[in-house]
Number of protein chains: 2
Amino acid sequence: MAYPQTSFPHTTFPSTSTFISRRRAIVHTTTLPHQLNILKSTGRYSAFKLQFHPSYADKPDVWPVPNHLFWDSDVAKWIEGACYFLQREASPLLEGAVRELVAMIRDAQQADGYLNIHFTVVEPGKRFTNLRDLHELYNAGHLIEAALAHRQCYGDEGDGEGLMEPVLKYVDLLCATFGPAPEQKHGYPGHPEIELALLRLYGETRDPKHLTLAEYFIAERGNPTGQDGRHYYDVEAEARGEREHERPVYFPKSRSYWYQQAHEPIVDQQTIEGHSVRAMYLLTAVADLVRIEGPSSARSADRTKALQRLWRNMTEKKMYLTGGIGAQKQWEGFGIDYFLPSGTDEGGCYAETCAAIGVMMLAERLLQLDLNGKYADVMELCFYNAVMTGMASNGKQFTYVNQLASSDSDLSRRAEWFTCACCPPNVTRLLGYIGGYLWSFRTDENEKSVAVDIHMYSSATLSIPVGDSLVEIEQSSNWPWEGKIEFTIRNPTDVATSIKLRIPGWAATWQISPDLANAHADKGYISLPPEWLKTNTKFHLEIPLAARFISPHPYTNQNIVALARGPIVYCIEDFDNAWVDDHFKNLVLDPACRVTESTISTPEVGESYIGLTAHNAASHMVINDQLPPHMRVESNSPTQKPGIEQLHFIPYALRDNRGGKGHMRVGMRRKQ
Amino acid sequence: MAYPQTSFPHTTFPSTSTFISRRRAIVHTTTLPHQLNILKSTGRYSAFKLQFHPSYADKPDVWPVPNHLFWDSDVAKWIEGACYFLQREASPLLEGAVRELVAMIRDAQQADGYLNIHFTVVEPGKRFTNLRDLHELYNAGHLIEAALAHRQCYGDEGDGEGLMEPVLKYVDLLCATFGPAPEQKHGYPGHPEIELALLRLYGETRDPKHLTLAEYFIAERGNPTGQDGRHYYDVEAEARGEREHERPVYFPKSRSYWYQQAHEPIVDQQTIEGHSVRAMYLLTAVADLVRIEGPSSARSADRTKALQRLWRNMTEKKMYLTGGIGAQKQWEGFGIDYFLPSGTDEGGCYAETCAAIGVMMLAERLLQLDLNGKYADVMELCFYNAVMTGMASNGKQFTYVNQLASSDSDLSRRAEWFTCACCPPNVTRLLGYIGGYLWSFRTDENEKSVAVDIHMYSSATLSIPVGDSLVEIEQSSNWPWEGKIEFTIRNPTDVATSIKLRIPGWAATWQISPDLANAHADKGYISLPPEWLKTNTKFHLEIPLAARFISPHPYTNQNIVALARGPIVYCIEDFDNAWVDDHFKNLVLDPACRVTESTISTPEVGESYIGLTAHNAASHMVINDQLPPHMRVESNSPTQKPGIEQLHFIPYALRDNRGGKGHMRVGMRRKQ
């Protein structure tokens, strides 16, 4: 199974409550209906009726992108997320809405297959004239993903009912419009998304033109001479009558095409640049393409090198402790190497929720190409921190930006919705298919064998049909709070099952029981062979979880330490440390201190979690603000006020659920 | 005497060589002729002949500013600098060039008084249509300053020979063009300069319209409703047919008028923002205006508050250890509070030479309003570090940007000249009148008294006529290398002379001899009363100079230490520390080490200086670059390689005079 979106139905979550199943339940019972209400109240729900909405006349917040330009994708992502949940459990409310939305989308399709709200209602003559800025193909990509989820949930519906039929017709139009032929446009989307959607579609349809168009968009991207001997975006801008120095808000300079990862072909890019969500969606598609075309071709080899190079650049030099990416607000993306300030008052910290979801997508695809724990480590880090911090425990509030430290101008707060509302439904759909991230598997019907790679731990059961047989692998744990995972294998005697179990990179020790001779982790995974599994149908893995101090690379100039435990990164909030009045900016922490843990249950957090307390570890720096710039080191060195006996930490993902002033910090100044 | 430009002729430098007199001699003998050759070879010298130069057709490096737009000011600043030196010593070469240039400028004047190269030759119909970007009034300001220097040097020449006559005619046109009357333009220059020039002109002419226009430019600046109920720059841009999102390269967003300090009236500005040279020139004029109008008026009180607020914000939160200002390359100016990276690879370090010259100008004006050593400390810091680093010891090479650490993309190097060549002639003219910065004085002819404030030390003599008498104050020292300054006062018995001697803020101790009872520094100055000076016509001040470690504010996240001695800030270069291959990025320094000093004479440096050596103080950090972002603090903490026995330091101002690879750093990572 190539995608978590298609493999997740093999995973069931038990009624016993875990972090993941609780979050899924919230999304099903609360978030989806809540977001449906917002779609309705904001005008999105009925936008495919193609009536002019008053907000269409609003001046764009981010010129030249109309505020409503993403409405197609907001609806599509909600449908996609709803279908993942509907596939497991009925809900008349959600089902009715999906049915009505699909009908509206079908009716909105133009005679030639075109399907887009803005370019039908507001600027009907301007289709495909601004691929660089206007998200037309991005919206198309999300319609494809919605159609795939819808068909997976409802199967091939009759004529006039499904979403796949109009989407395929739209894709036909796109395949005719874009490509290398002289009469075709040699363009590609400013915001990648359709590439990964077309590749997933190709996986279902096996229609070669779906693969061809995806490959074209990826290979053509950044071609300096693609259209009439010039960069496509230059030619397109000139045709629109745009002037050389007329710049989108997110372009620091003219022709900042690195924003869209279109400054040069992807295989030539040496560092990861620009808008972080776009980068992740693009690289996810590139990894898919390598898998589909096979890793041995010359162009796959170049693409694989680019993927590894850009992954390393990102994770080693441009990723926050939480797994968040993107420091720069202006272009919602990457700064220079090691530019990772903690918050607005230090120069920015963006770490968009969607970008972290994109890292998970990319990591999962890379695991398919190369089973290496380093990808799974980052995937899990993102999930439990940079992504899960994006939703409140009540399922009704979300973040777009996930800074590591608050400031007076940017408190630690979530919001109900955003003008550009990409993140909330992205969390929704992710939790819909999260089961597909826990593990991946391959079956061989001839050999009657199953190979399962287990990437993330929770309580869940994986059911794999092999011919007439069914292999079931059950894991049971209170992960991420407890490190003991119990496994039960229900394996028909005629099937040879092998398992690879991930040992996280942060794990200092681990133990498997019953004992497995010569057990060792190879690139982060232990191999459990069929023979051992036959005799050990019940076993457990124990990974001791203990608080540890973590810190970013010294080149970041962030002389900070943070607390982590297992995959969870912690923060401090004013709720537990009420004396704070400076966002903990002057707090100094000694990583040699004693840290204790305790299980904390408060209804607001929605999760019984392990809280941490650092004892006699923290003090306050007192700085003389009025010193001139060239004073001696002694006078410019801070003194420390008497320490704080107890400093209380809460998982970063669970921040801002209990009220308070909005003061929060992940990394504290390290005691010298 | 209100200006160092007018008071400097009272100062003579002895033939004994000091840092300042050597630099002045280089400028006189080498720099001025050298820059004259460059003016000629680049086309600037004959540009006032109003012929079209091929380079006028070049595409601007910084849109929308034509590369040649500053040529008027390059010529004017050279004339100004040459005149300061010619006032002290004849030079047929320089005199001939000044005469020819003045004749060309006179001939270039249009019938109505207009006087500008670009808007006469290239865009004759577009005068005063883009005050925001096109430096028209900036150039006018430099012509005024050149005319003042020229008249001071040559006196009122006959008809048809001087520079003041055409300049006054041009100023008449400006006074008619700009102002509050309905038919006048309610605009003000994008780059301040004419304000301070008009105020200096007013000091000579006492023509009220010169004061009025300067006051208008300052008070009107940033008015949100100044022209037809809108911001002047908006109305002006619209009239040019500029589109809303057509942005100059230096505007990160549309309407980034903070770049020009025109986002709000100066009295409302809470923090110092934007282009650092513009900010300094503007505030210098504001301080002048307060002095001229008297500090007690309501508007002077508001302006004084703004000056103090912005000075504090700058020196406490936005100034480098060297006195440099401006971290951001895009707008050549200030970042957010405490954003002070050392070099390009950390996010930028601009510290333009002209900006530091501007800090000196502002500091000198503020000293006139309030004799406080904190202004003089920064003035001297800037001079010996951020400004003097701008010129090579050979007088032929200059810097524009003065980073505190080199990197592979920005080596520590000077250049002969720049397309926008503001800095080289700015250093030239500063050294022409530097005598005026050493001290300031006030005479009272009725009381027959003289009051002298001594701000900077060197070897020099100040001659002050009081009626028919002449007071002479001679200081003799090898400052900044030695801390003993000997004073000789030649004071006629009928004149009461009082002196205030500055004690630098960094001085740990000091001693005056013969002993002065109850001597103490009040706001950084010791008072020497007339009675004491009568009996102590020879005395000396001793300020022990010893190496000390300095560091920036902890909020800068620059966990670094640097070495200073007296007013001199040091750096390390690969020339003395040849093993370096990483720009000293991984060097760790222990400020508890032993530092020794030695006098070093090498012909290339042009200056016998005190070099410093840190013993067994430095080691190399070894970092594992391949760690994921969430590793434990121990694995992410650097280890240290065996130390370096001797680390050699050279004054930052004297860097890059001896060849080498261009690796340099001021602040080293501080040992934890």
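Student: How many residue pairs are in polar contact between chain A and chain B?

Tutor: A polar contact is a pair of N or O atoms within 3.5 Å, and in this predicted model the count between chain A and chain B comes to 21 residue pairs, both residues of each pair being at pLDDT 80 or more. The side of chain A that touches chain B draws at least two residues from each of helix H12 (298–317), helix H14 (373–387), strand E12 (547–550), helix H18 (633–636) and strand E20 (668–670) of chain A. By residue type, that side divides into 28 nonpolar, 19 polar and 19 charged residues.

Student: How many salt bridges does the rule find across the interface of chain A and chain B?

Tutor: A salt bridge here is a side-chain nitrogen of Lys or Arg within 4 Å of a carboxyl oxygen of Asp or Glu, and the rule finds 4 of them across the interface of chain A and chain B. One pair to look up is Lys59(B) with Glu244(A), whose closest N and O atoms are 2.8 Å apart.

Student: What area is buried between chain A and chain B, and what part of it do carbon and sulfur atoms give?

Tutor: Buried area is the accessible area that two parts lose on being put together, summed over both, and for chain A and chain B it is about 5,600 Å², of which carbon and sulfur atoms give 49%. In terms of contacts, 66 residues of chain A meet 66 residues of chain B.

Student: Within one chain, which domains is chain A divided into?

Tutor: The division of chain A is into domain 1 (19–245), domain 2 (263–437), domain 3 (440–542) and domain 4 (548–670). For domain 3 and domain 4 of chain A, the centres taken over C-alpha atoms are separated by 38 Å, and 4 residues of domain 3 are in contact with 12 residues of domain 4. These two domains of chain A bury about 650 Å² between them, with 66% of it on carbon and sulfur atoms. On the side of domain 3, Pro480(A), Trp481(A) and Trp506(A) lose the most area to domain 4, together 95% of what that side buries.

Student: Which parts of chain B does the salt bridge of Glu215(B) and Arg303(B) link?

Tutor: The side chains of Glu215(B) and Arg303(B) meet in a salt bridge at 2.7 Å, N to O. The pair links distant parts of the chain, with Glu215(B) in helix H9 (residues 208–220) and Arg303(B) in helix H12 (residues 298–317) of chain B, 88 residues apart. Over all chains, the count by this rule comes to 88 salt bridges.

Student: Which peptide bond in chain A is cis, and what is phi of Arg255(B)?

Tutor: Most residues other than glycine have a negative phi, and most peptide bonds are trans. The bond from Trp63(A) to Pro64(A) is cis, with omega near 5°, and Pro64(A) is found in the loop between helix H2 (19–42) and helix H3 (71–86) of chain A. In chain B, a cis peptide bond joins Trp63(B) and Pro64(B), with omega about 5°. Arg255(B), in the loop between helix H10 (232–239) and helix H11 (276–293) of chain B, has a positive phi, near 55°.

Definitions and conventions:
Residues are numbered from 1 along each chain as its sequence is written. Chains are lettered from A and ligands numbered from 1 in the order in which they are written. This is a predicted model: local features need pLDDT of at least 70, side-chain atom pairs count only at pLDDT 80 or more; totals for chains, interfaces and linings use all residues. Side-chain values use heavy atoms; hydrogens and water are left out. Domain bounds come from an automatic or database domain assignment. Contact means heavy atoms within 4.5 Å. Buried area is the accessible area (1.4 Å probe) that two parts lose on being put together, summed over both. A polar contact is a pair of N or O atoms within 3.5 Å; within protein, one must be able to donate a hydrogen and the other to accept it, and residues adjacent in sequence count only if both atoms are side-chain atoms. Helices (H or I, at least four residues) and strands (E, at least two) are DSSP runs, numbered from the N terminus. Ala, Val, Leu, Ile, Met, Phe, Trp, Tyr, Cys and Pro count as nonpolar, Asp, Glu, Lys and Arg as charged, and the others, Gly among them, as polar.
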